[in-house]
Amino acid sequence: MRFDGVMRSQSTRRFTDRASMGKRYSAAILLLLILLCGGASAEDATVAPPAASVPDLMNEGRQLLQQGELPRALQLFEAVLAVDGDNAEALFNAGTLHLRMNNVERGLDYIKRSAQLVPDNARVRLVLAQAYENLRLVDQAIEEYRRVVG
């Protein structure tokens with residue numbers, strides 16, 4: 001079968017189609033990340049901004065958190081987690097933001113993961129205990145409060 005004046009086999013066409021499909025998916029994922037981070041609008045998303053490092057994203061997320069821009073801060077902390085899923089601070093910050101936004105299940109999951117990574121961090125344990133208490137999970141709350149004071 002002819003394609004652009006070149007004879008190609010079925011397997012060559014499938015490989016070429018899969019390769020171009022992979023490139024399209026990569027471009028779509030990059031576009032989604034750009035839009036989620038608020039770094040570009042749909043009109044200028046064809047030009048990718050320079051990649052931000054995890055420390056840069058964390059610093060910007062902390063600043064947005066202090067300024068009360070919770071949804072944008074959450075987007076940045078989750079962008080960090082997409083790169084470094086074991087970042088205890090990003091897990092903690094994203095978890096507390098989810099809890100504040102009434103997304104309790106996800107928030108609790110993030111806080112628990114953070115507590116596993118930094119088991120001796122009293123602040124993380126205290127927030128986890130308070131989350132359990134707010135959910136009326138008294139036994140888990142008591143256990144976490146004991147870890148904080150003990």
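Buried means under 20% relative accessible area. Keep that cut-off at hand for this tour of a predicted model.

Stop 1: Select arginine 125 and glutamate 144. Both residues are buried, and they form a salt bridge in which the closest N and O atoms are 2.9 Å apart. The pair joins distant parts of the chain: arginine 125 belongs to helix H6, while glutamate 144 lies in helix H7 (residues 138-149), 19 residues apart.

**Stop 2: H5 against H6.** Stay with H6 (residues 122-134) and show H5 (residues 104-117) beside it. The two axes come within 9 Å and cross at roughly 145 degrees, and the crossing is left-handed. On the H5 side, select Leu108, Ile111, Lys112, Ser114 and Ala115. On the H6 side, select Val124, Arg125, Val127, Leu128, Ala131 and Tyr132. Colouring these residues by type gives eight nonpolar, one polar and two charged.

**Stop 3: the largest core.** Select Phe77, Leu81, Ala94 and Leu97, which touch the most other members of the 16-residue largest nonpolar core. Helices H2 (54-66), H3 (70-83) and H4 (88-100) each give two or more residues to this core. H3 supplies the largest share, eight residues. A second, separate core has ten residues, among them Phe92, Leu108, Ile111 and Ala131.

Next, centre on leucine 81. Which residues does leucine 81 touch, not counting those up to four places away in sequence? Leucine 81 touches Asn87, Ala90, Leu91, Ala94 and Tyr110.

Stop 4: Select glutamate 89 and arginine 62, whose side chains meet at 2.7 Å, N to O. This pair ties helix H4, which holds glutamate 89, to helix H2, which holds arginine 62, across 27 residues. Glutamate 89 counts as partly exposed because its relative accessibility is 33%. Arginine 62, at 30%, is also partly exposed.

Finish with arginine 106 and glutamate 78, a salt bridge with its closest N and O atoms 3.8 Å apart. Arginine 106 sits in helix H5 and glutamate 78 in helix H3, 28 residues apart. Is arginine 106 buried or partly exposed? With a relative accessible area of 40%, arginine 106 is partly exposed. Glutamate 78 has a relative accessible area of 23%, so glutamate 78 is partly exposed.

Note on methods
Residues numbered from 1 in each chain as written. Predicted model: local features only at pLDDT ≥ 70, side-chain atom pairs only at ≥ 80, totals over all residues. Heavy atoms only, no water. Core = buried A, V, L, I, M, F, W, Y, C linked by side-chain atoms within 4.5 Å. Buried < 20%, exposed > 50% of the residue type's maximum accessible area, 1.4 Å probe, protein only. Helix = DSSP H or I, 4+ residues; strand = E, 2+ residues; numbered from the N terminus. Contact = heavy atoms within 4.5 Å. Axes fitted to C-alpha atoms, helices over the stretch in contact; angles between N-to-C directions. Left-handed = near helix turned anticlockwise from the far one by under 90°. Nonpolar A, V, L, I, M, F, W, Y, C, P; charged D, E, K, R; others polar. Salt bridge = Lys/Arg side-chain N within 4 Å of Asp/Glu carboxyl O.
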